[in-house]
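Hi everyone, thanks for coming.

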Amino acid sequence: MTQSALTPELLDAVNRAVDARLAAMMPRVGIGYDIHRFIEGRPCILAGVDVPSDVGGLEGHSDADAATHAVIDALLGAAALGDIGHFFPDTDPQWKGADSLHLLGACVDRLGRDGWRTVNVDVTIIAERPKIAPHIAAMRETLARVLQIPGDRVSIKATTNEKLGALGRREGLAAVACAAIIRQGGHA
Ligand code: MG
């Protein structure tokens with residue numbers, strides 16, 4: 001190829017191809033948020049773990065596992081695949097009382113079909129009660145198993161809402177999550 005053959009159009013095409021290749025090799029990140037109200041007479045399931053609670057369990061169509069729901073939304077967001085309500089609508093009877101770990105597994109499978117693997121997830125649970133700290137190790141292990149990644153790539157943190165607002169009044173519990181994913185082999 002002579003130098004004169006490198007037209008602006010060709011240079012543009014080469015740059016676009018390099019950009020696409022670099023983008024395919026980069027991890028992508030997503031965020032998720034969920035909140036559920038406390039209700040008496042239900043277990044308090046968080047990240048798949050039944051947490052002893054003196055403020056009741058979480059109200060919802062499924063098992064209302066806010067931590068797992070936030071992780072699902074973070075993963076779907078990273079892949080730009082929509083949100084949990086799109087995949088598992090709360091109007092669908094098949095998800096009534098569903099184990100959210102099952103939903104997370106289905107989400108991992110969906111991303112896997114597009115070649116996505118989870119790099120890591122980081123979750124913050126926001127609640128005055130129940131006490132989360134004693135259950136963090138079990139939560140990490142549980143999520144890591146379903147995500148099919150080592151436990152040291154799953155982080156669970158907990159904080160209170162400093163008695164502010166609805167969470168501060170112990171009316172419910174919220175969770176935020178961040179997830180990074182990468183395409184196996186770096187193919188677009
Ligand atoms: Mg939810």
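**The metal site**

So, the magnesium ion: its protein donors are Asp-34 (OD), His-36 (NE2) and His-69 (ND1), at 2.0 to 2.2 Å from it. Donors here are N, O and S atoms within 2.8 Å of the metal (3.2 Å for Na, K and Ca), and water is not among the atoms, so sites may look incomplete. Quick caveat: this is a predicted model, where local features need pLDDT of at least 70 and side-chain atom pairs count only at pLDDT 80 or more, while totals for chains, interfaces and linings use all residues. Residues are numbered from 1 along each chain as its sequence is written, and side-chain values use heavy atoms, leaving out hydrogens and water.

In sequence, the donor spacing reads D-x1-H-x32-H. Asp-34 sits in strand S1 (residues 28–39) and His-69 in helix H2 (residues 66–78), so the pair ties together parts 35 residues apart in sequence. Helices (H or I, at least four residues) and strands (E, at least two) are DSSP runs, numbered from the N terminus.

Are Asp-34 and His-69 buried or exposed? Both are buried, meaning under 20% relative accessible area, with exposed over 50% and partly exposed in between (1.4 Å probe, protein chains only).

Now the sheet. It's open, with five strands in the order S4-S1-S7-S5-S6 and mixed pairing; strands pair if DSSP finds at least two bridges between them. The edges are S4 (57–58) and S6 (154–159), each pairing on one side only. S1 and S4 run antiparallel, joined by two bridges, and Ile-39 has Gly-57 in S4 as its bridge partner.
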